[in-house]
Amino acid sequence: MKSNHLFLLVLALFIFSCSQQKTTSIDLSGEWQFQMDPEDIGVSEKWFATDLQETIQLPGSMVENGKGFDITLATEWTGGVRNPDWHTHPSYAPYHDPNNIRFPYWLQPDKKYTGAAWYQKKVTIPENWIENTIWLNLERPHWESTIWINGDKAGMQNSLATPHRFNISSYLQSGENTITVCVDNRTKAIDVGRNSHSISDHTQSNWNGIVGELSLQLAGEVYLENIQVYPNIETKTASIKATVFNSTNSNESIKIEVEANLKNSEVEVKEKSFKFTVEPGENIVKMNYELGEDALLWDEFNTNVYELEIELKSRNGEDTKQVDFGLREFKVSGSRFAINGRPLFLRGTLECAIFPKTGYPPTEVEGWAKVFAAVQAHGLNHVRFHSWCPPEAAFEAADKMGVYLQVECSSWANQSTRLGSGEPIDKYIWDESKRIVKEYGNHPSFVMLAYGNEPSGPKHREFLAEFVSYWKENDSRRLYTSAGGWPALEVNDYHNLPKPRIQGWGEGLRSIINSQAPKTDYDWANKLSEDGIPIVSHEIGQWCVYPNFKEIQKYTGPLKAKNFELFQESLIANRMGHLADSFLWASGKLQTLCYKAEIEAALRTPGFAGFQLLDLHDFPGQGTALVGVLDPFWEEKGYVTPAEYSRFNNSTVPLARLPKRVFTEGETMTANIEVAHFGNEPLKDVNPIWKLIQNKKTIAEGTLGQREIPIGNTIQLGKVIHQFQKENKPRKLTLEIAVEEFTNSGDIWVYPKNETLESKEIKVVEKLTPSTLKYLNNGGKVLLSLGKGKVASEMGGDVGVGFSSIFWNTAWTDGQKPHTLGILCNPEHPALELFPTEYHSNWQWWDAMSHSDAIKLNDFPVELKPIVRIIDDWVTNRQLALLFEAKVGKGKILISGVDLVNDLENRLEAIQLKASLLNYMKGDLFNPNTELSSNQIKNILK
């Protein structure tokens, strides 16, 4: 019994002790009172002093809670709309329903609201909190937040990048208090640019709400306001600059204890103490902390993150803060970067605030871990946050996983945002940059900072030169540039420029990939800056794929893929709904091929600093830019795996320089083999291996000799020289190069000489003369060879055909060519027996797509099936053919949108395709089952 009494006594004392401990935070998540203020009368009518009428759950957005207005044609969007009368456009009008608005240019929210919205919560403040410092912490409001405590205005903040924190100590009382927050997501005097991904409906949506941590935080009268850590890899030390605020009226003696621990490690480090006297108000104290000779560096391969804990003690109490940092140095080295002295090549993608599940960025590490895992699985090591800055969780995840980040100050200045002209945006950019560095500057992943994207204004160069110069002088922990895209300023640490790429805005069919025959011997050495400043190419890629309509069901949050619904309905109306998956896969293979060409060219370029893709995943806005091999959820679409993608995009990539991809029998191929190696360390005792593979069998192989491979690119490994023997048959070969576990490959084609092509029984013509039509109707066989400019506009001649996939999307580029997404065929069709192919475009189709018009089949019988289809833009969904056959009278005709007659001495692929078609037409398998009239055929031609 006595032991039981003793136990109860101890338990009671423990409970009493716990009850006396001071709570240091109060969670504000949960139900809040709420009211919309579309007429902007809340302040004048003093809503902060009354009880609001509705309720809402925070953290969250209005639309997540079903608040806002229904979408109509009159809905005002935050973001440029190329055609406000889109619903009258011929591509959309047939599917427009005024009772079910489906906006074609980006993901559509369930509700829309732009303006002031009021949030209110009653909270009980413990008596022992009074006379201390109390902070209201709103991690990510969108956008401007103004607060009232018990009816008194306590401040306004408008950062789009960092938490809104308010010192509300003097407004609180013990017991019940009322916190009222007015969140306003309108663009007012400060115009960051309507297309900025920090606010635009193009991507995350211009939502209204508060997400992330919502809390009250307690601090003493003397407290740590901010900590900045400056590591030195040479001395293995960390210089610490702490901001200490003394809210008393007298000088105070303080003791600061510092300890740095390697996260996820048992390694012990010593504690160090410092003593200071701080005056009333803000004080800066500096300390130097030795990490020890065995301190570990941080980079993409060695993700050693230190947690610095600082404890401040004074007679008024204690305050503790923890910050993460890494021992690393990110510097310019010649025309590229170095991390801790090791050469570095950035392989990056953009992140444009695309979060379809919520409509706003995740504030938990898990959400960002998924993003960065996808990035790394595809061989990338870098992410650029285009015109926005992510929350703390993104930096924590990037630190832990080893991803290099470029962060921007929430702006994409458009024509209405004249940067450097003395308008409010100028001060806002300065303030935002300082807030970002103060909040996230310790993170080792934060290696680059830019103003934002593609600036405008008559004085933007002067403004940005001052911006870059200031940050270079004041914080050496990262590198700085003016902006994504331009300008290339002398003060820049590096340039973000759009030139080094295989297709640019406005190039159309004049780009390298569409105007020059397939080869791999080019690079961007002649496009690098003459000033020697490192260049990271800006928004390369932008290669599209056909929509994955199965993705529609993934949109279970507040954003819906209504645009996909329109495109799917259009496809079905054009009698091709059954081909949706085939279009996706075939165009996806071409998209991947385009990205491979883009990335390999960058890796072949000497002295190049890196690239930033637009994008690894889809960009759902600006007309619907399906540029990702991943969907907006960072998930695979199925046509390329991360393992396949990372063969040509990785820390180590073997490369072959070939002047062409198509050969004739008897020719000798000479491939110059090199490697881009930006791994953790040089490769020792490596013996690279090459193979020529045909039908999955190795037909030739060899080694390139034992060697050490240093860190860098354009490292020459040797030559592969191979003569193609006469076999009198066309074939596809794959040249594969392996450097240890890193393997890359490229396809080549070998054709026989085909000296005799013509056949007496087949008439090959470019025009339908009366004699040709008579011959055809009387039972003859005709191969009609067309080509660029030969097809009537209304029959497909107006379709811009090129080899590459669509660039960005036709809706947002004013119809930039090409308008198509490659070919789709049955590779087993007998017409292609002598023209080896997959079901999708590969490089042997470059000549055909470069010398052809599309033929529109919409008005032909439904049973007419092309031998080779051209996949149209998802907006128009026309039935397009490259090759098809038909009966005419008693005869048979094969119509080729490809020119198979002219300049054949310079067009090996055209010769081979012609040979394959003629071989087919000679045989019994050439037996078209769809009958067309002579007039229907004639109408195809101009």
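Which residues of β46 are buried on one side of the strand, and which on the other? The structure examined here is a predicted model, in which local features need pLDDT of at least 70 and side-chain atom pairs count only at pLDDT 80 or more, while totals for chains, interfaces and linings use all residues. Residues are numbered from 1 along each chain as its sequence is written, and side-chain values use heavy atoms, with hydrogens and water left out.

Both faces of β46 are covered, with Val 868, Ile 870 and Asp 872 buried on one side and Arg 869 and Ile 871 buried on the other; buried here means under 20% relative accessible area, exposed means over 50%, and partly exposed lies in between (1.4 Å probe, protein chains only). The strand spans residues 868-872, and five of its five residues are buried. Two strands are taken to pair if DSSP finds at least two bridges between them. By this criterion, β46 pairs with strand β44 (residues 820-825) in the antiparallel sense over four bridges, and Arg 869 is the bridge partner of Leu 824. Strand β47 (residues 880-888) also runs antiparallel to β46, to which it is joined by three bridges, and Leu 880 in β47 stands opposite Ile 870.

For the protein as a whole, 13 helices and 48 strands are assigned, where helices (H or I, at least four residues) and strands (E, at least two) are DSSP runs numbered from the N terminus. The radius of gyration is 32 Å, close to the 30 Å that the globule rule gives for 942 residues, so the protein is as compact as a globular protein of that length; the radius is taken over C-alpha atoms, and the rule is 2.2 Å times the number of residues to the power 0.38. Along the principal axes, the C-alpha atoms fill a box of roughly 110 × 75 × 70 Å. Of the 942 residues, 61% count as buried. Contact is defined as heavy atoms within 4.5 Å, and among contacts between residues at least 6 apart in sequence, 74% join residues at least 24 apart.

Leaving aside neighbours within four places in sequence, Val 258 is in contact with several residues, including Ile 240, Lys 270, Phe 274, Met 287, Tyr 289, Leu 308 and Ile 310. From Val 258 to Ala 601 the separation is 343 residues in sequence and 48 Å in space, C-alpha to C-alpha.

Particular backbone geometries are found in several loops. A cis peptide bond with omega of about -5° joins Trp 486 and Pro 487, the latter lying in the loop between β27 (479-481) and β28 (495-497). The peptide bond from Lys 817 to Pro 818 is likewise cis, with omega near 0°, and Pro 818 belongs to the loop between β43 (781-785) and β44. Although not a glycine, Lys 236 has a positive phi of about 55°; Lys 236 is located in the loop between β13 (222-232) and β14 (237-246) and is buried, with a relative accessible area of 16%. Glu 454, also not a glycine, has a positive phi of about 35°, lies in the loop between β26 (446-453) and α5 (460-474), and counts as buried at 18% relative accessibility.
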